[in-house]
Amino acid sequence: MVNALLDWYGQNARDLPWRRTKDPYAIWVSEVMLQQTQVKTVIPFWERWMREFPDLTTLAAAPEERVLKLWEGLGYYRRVRSLHLAAQNLRDRHGGRFPRDFEAVLELPGVGRYTAGAICSIAFGQAVPILDGNIIRVLCRLGALRGDPKVPELNRWLWEEAKRWVETAAGSGRSDACSHLNQALMELGATVCTPRAPSCDRCPVAGACLAKAAGRVESYPELATRAKVSLREFVVAVVVNRALVWVRQRAGDGLNGGLWEFPNLEIEPGGRGGLERLREYLGETNLDGFEPLTVVRHSITRYRVTQQAYMAVWAKPSREVPGDGRWCRSAELEALPMSSAHRRIARAWSEARDELHPG
Ligand code: SF4
């Protein structure tokens with residue numbers, strides 16, 4: 001099976017930019033970006049990132065705000081803060097060189113067993129396994145494995161199975177066998193053995209697949225039912241002072257830490273009186289208007305989030321700010337890192353302002 005998979009990968013691997021290098025830093029960046037994000041979304045982010053931060057030391061020396069800005073749109077910002085911190089660790093403790101030792105890679109902030117395995121097998125050709133959602137699906141179907149693959153016992157078995165595959169590849173004597181085997185398993189899950197309607201007729205290991213033989217491919221893996229979707233609602237204040245708008249920066253270590261945002265407040269989903277709550281929250285009498293500006297809806301993990309944005313006018317002539325934060329011009333706002341939802345609110349403000357003051 002290993003040889004069939006390696007042959008298939010040789011002929012069918014997608015030409016992705018991070019597959020043209022063996023630089024562990026570049027591979028690491030791609031793996032972190034690919035967590036929770038699709039390949040086609042990641043490509044332009046990765047290319048831009050590598051142009052601006054081509055190596056570890058450039059990334060380690062970059063200001064956090066710039067690092068967050070380049071990540072803007074990828075979400076899950078904890079990933080990039082860990083990446084930045086790990087680059088600084090590597091500069092300070094490893095002289096800016098990427099360690100080759102699996103355990104040393106695993107010690108880096110934000111690097112788990114999967115990412116360490118991907119770096120060590122792809123960049124260094126080591127026979128270490130990887131296991132992600134795609135590989136779990138392939139292995140569960142091949143073996144028609146019963147049970148939830150997140151349950152520790154089966155999960156441990158799957159890691160062992162992934163290890164057997166990569167070690168067999170290592171013994172095949174083929175060039176880049178460990179790197180290609182791990183990537184082939186991922187690629188098969190991403191492009192052929194898909195969650196719905198897998199293309200078994202194009203699968204190089206179909207002859208050995210027990211789920212296919214039983215005609216029950218979509219029954220595997222037997223994932224536990226997902227947590228129920230929860231609704232969350234926020235009211236957001238876009239306070240404007242002529243051409244300026246008021247924004248604040250989130251605390252460094254929490255969700256979306258270090259990003260800039262408009263002041264906002266979570267309210268009961270579907271609850272009334274959001275605008276009154278927002279006025280109260282701002283505790284400021286020097287605000288006029290509070291016109292509805294836009295409503296932004298988005299999803300984060302199991303949450304469906306609604307952000308109701310209101311525009312208010314700062315009635316004081318001074319540049320005093322109504323709380324923590326700063327006044328910003330539209331162009332300055334563009335340069336600050338913001339979550340996608342607040343970026344959409346910022347664009348709605350820019351458009352509303354252009355309509356009011358064309359040219
Ligand atoms: Fe997946 Fe079908 Fe291949 Fe089995 S035969 S591994 S279900 S694509």
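Mentor: We go from the whole chain to single residues. Keep in mind that this is a predicted model.

Trainee: How many helices and strands does the chain have?

Mentor: Start with the inventory of elements. The chain contains 15 helices and seven strands. Its C-alpha trace spans about 75 × 50 × 40 Å along the principal axes.

Trainee: What share of the residues of the chain count as buried?

Mentor: Of the 359 residues, 49% count as buried. Contacts can also be read by sequence separation. Among contacts with a separation of 6 or more, 65% are between residues 24 or more positions apart.

Trainee: Which residues of the largest nonpolar core touch the most other members?

Mentor: The largest nonpolar core has 84 residues, and Trp28 and Trp49 touch the most other members. Take Trp28 as the example: beyond residues up to four places away in sequence, Trp28 touches Leu56, Leu83, Ala86, Ala87, Leu90, Phe98, Val111, Thr115 and Ile119. Another core, of 21 residues, lies apart from the largest one; Val236, Met311, Ala341 and Ala348 are among its members.

Trainee: Is helix α8 mostly covered or mostly open?

Mentor: The general idea comes from helix geometry. An α-helix has 3.6 residues a turn, so residues three or four places apart point the same way. For α8, residues 113-122, count the burial: nine of its ten residues are buried. These are Tyr114, Thr115, Ala116, Gly117, Ala118, Ile119, Cys120, Ser121 and Ile122.

Trainee: Which helices do the buried residues of α8 pack against?

Mentor: Their partners are α2 (24-34), α7 (102-106), α10 (152-170) and α11 (177-191). Thr115 and Ile119 of α8, buried as stated, are also among the residues touched by Trp28.

Trainee: Why does Ser82 count as buried?

Mentor: Compare the value with the cut-off. Buried means under 20% relative accessible area, and Ser82 counts as buried because its relative accessibility is 19%. Ser82 belongs to helix α6, residues 78-94. Setting aside neighbours within four places in sequence, Ser82 is in contact with Pro109 and Gly110.

Trainee: Where does the ligand sit?

Mentor: For a ligand, look at the site and then at the shell. The ligand sits in the largest cavity. Around the ligand are Arg141, Val192, Cys193, Cys200, Cys203, Ala206, Cys209, Lys212 and Val217. By class, this shell has seven nonpolar, no polar and two charged residues.

Trainee: Which residues does the cis peptide bond join?

Mentor: Backbone features are read from the torsion angles. The cis bond joins Tyr220 and Pro221, with omega about -5°. Pro221 is in the loop between α12 (210-213) and β1 (230-241).

Trainee: What is phi of Ala197, and is Ala197 buried or exposed?

Mentor: Phi of Ala197 is near 45°, which is positive in a residue other than glycine. Ala197 lies in the loop between α11 and α12. Exposed means over 50% relative accessible area, so Ala197, at 58%, is exposed.

Trainee: What of Thr301: in which loop does Thr301 lie?

Mentor: Thr301 is in the loop between β5 (287-300) and β6 (303-314). Phi of Thr301 is near 45°, again a positive value in a residue other than glycine. With a relative accessible area of 51%, Thr301 is exposed.

Terms used
Residues numbered from 1 in each chain as written. Predicted model: local features only at pLDDT ≥ 70, side-chain atom pairs only at ≥ 80, totals over all residues. Heavy atoms only, no water. Helix = DSSP H or I, 4+ residues; strand = E, 2+ residues; numbered from the N terminus. Buried < 20%, exposed > 50% of the residue type's maximum accessible area, 1.4 Å probe, protein only. Contact = heavy atoms within 4.5 Å. Near = heavy atom within 4 Å. 1 Å grid on protein atoms, 1.4 Å probe; cavity = no way out; pocket = protein on both sides within 12 Å on 5 of 7 lines; lining within 4 Å. Sits in = over half its atoms within 2 Å of the grid points. Nonpolar A, V, L, I, M, F, W, Y, C, P; charged D, E, K, R; others polar. Core = buried A, V, L, I, M, F, W, Y, C linked by side-chain atoms within 4.5 Å.
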